[in-house]
Amino acid sequence: MKKVTILLSKYSDAFSKLIAVSSGEYTHISISVDPEEKEFYSFNLKGFIKENWENKESKYLMPDRIRFYIYTDNETFEKLKNEIKWFEDKRGEIKYSVFGTLLCIARIPHNFKKEYFCSRFVAEVLTKSGAVKLKKKSSLYLPMHIIRELKPNLLKKEKRV
């Protein structure tokens, strides 16, 4: 079995506060297929990003983070890695979507082909790879929505402050 790490974090800027009011305290979600959990993938205002949380600094980043683990078979794990690689290869073509996030907050499904936000990205790579089955379209998930839906099926949770 291979481990996939889902990392939730908090930011204190105005946009993150809007997300928190809409879904819960954690406002950003990232995914890692790195066994050492040094590289995480997500979206932010810069677009598709590779994050290193050991050295991550932002004046809006709160210290509290929580990790969830999903375990998959080797085939599903490879599919998930390929989904992430597709985004990495298309990095220059795909942008962050503030409007998509607002539509998500309003619970309006959408399918902007080249615009993503963190939770839509994570939901999409998890479902397209077959790692999990989510009930809604990926454009309707904010960070906490994903965890609330998957929590009973997740095998391990670790909170780090």
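Trainee: Why is Leu140 called buried?

Mentor: Its relative accessible area is 14%, and buried means under 20%, with exposed over 50% and partly exposed in between (1.4 Å probe, protein chains only); therefore Leu140 counts as buried. This is a predicted model, in which local features need pLDDT of at least 70, side-chain atom pairs count only at pLDDT 80 or more, and totals for chains, interfaces and linings use all residues. Residues are numbered from 1 along each chain as its sequence is written, and side-chain values use heavy atoms, without hydrogens and water.

Trainee: Which residues does Leu140 touch, not counting residues up to four places away in sequence?

Mentor: Leu140 touches Cys104, Arg107, Ile108, Pro109 and His145, where contact means heavy atoms within 4.5 Å. Leu140 itself sits in the loop between helix 4 (118–129) and helix 5; helices are DSSP runs of H or I, at least four residues, numbered from the N terminus.

Trainee: What makes helix 1 and helix 5 roughly parallel?

Mentor: Their axes, lines fitted to C-alpha atoms over the stretch in contact, cross at roughly 30° and come within 8 Å. Angles run from 0 to 180 degrees between N-to-C directions, and those under 35 degrees count as roughly parallel, so the two helices are called roughly parallel. Ile19, Ser22 and Ser23 of helix 1 meet Pro143, Met144, His145 and Arg148 of helix 5.

Trainee: Why does Thr76 count as buried?

Mentor: Thr76, in helix 2 (residues 74–89), has 13% relative accessibility, so it falls under the buried limit.

Key. Parallel < 35°, antiparallel > 145°, perpendicular 65-115°, else oblique.
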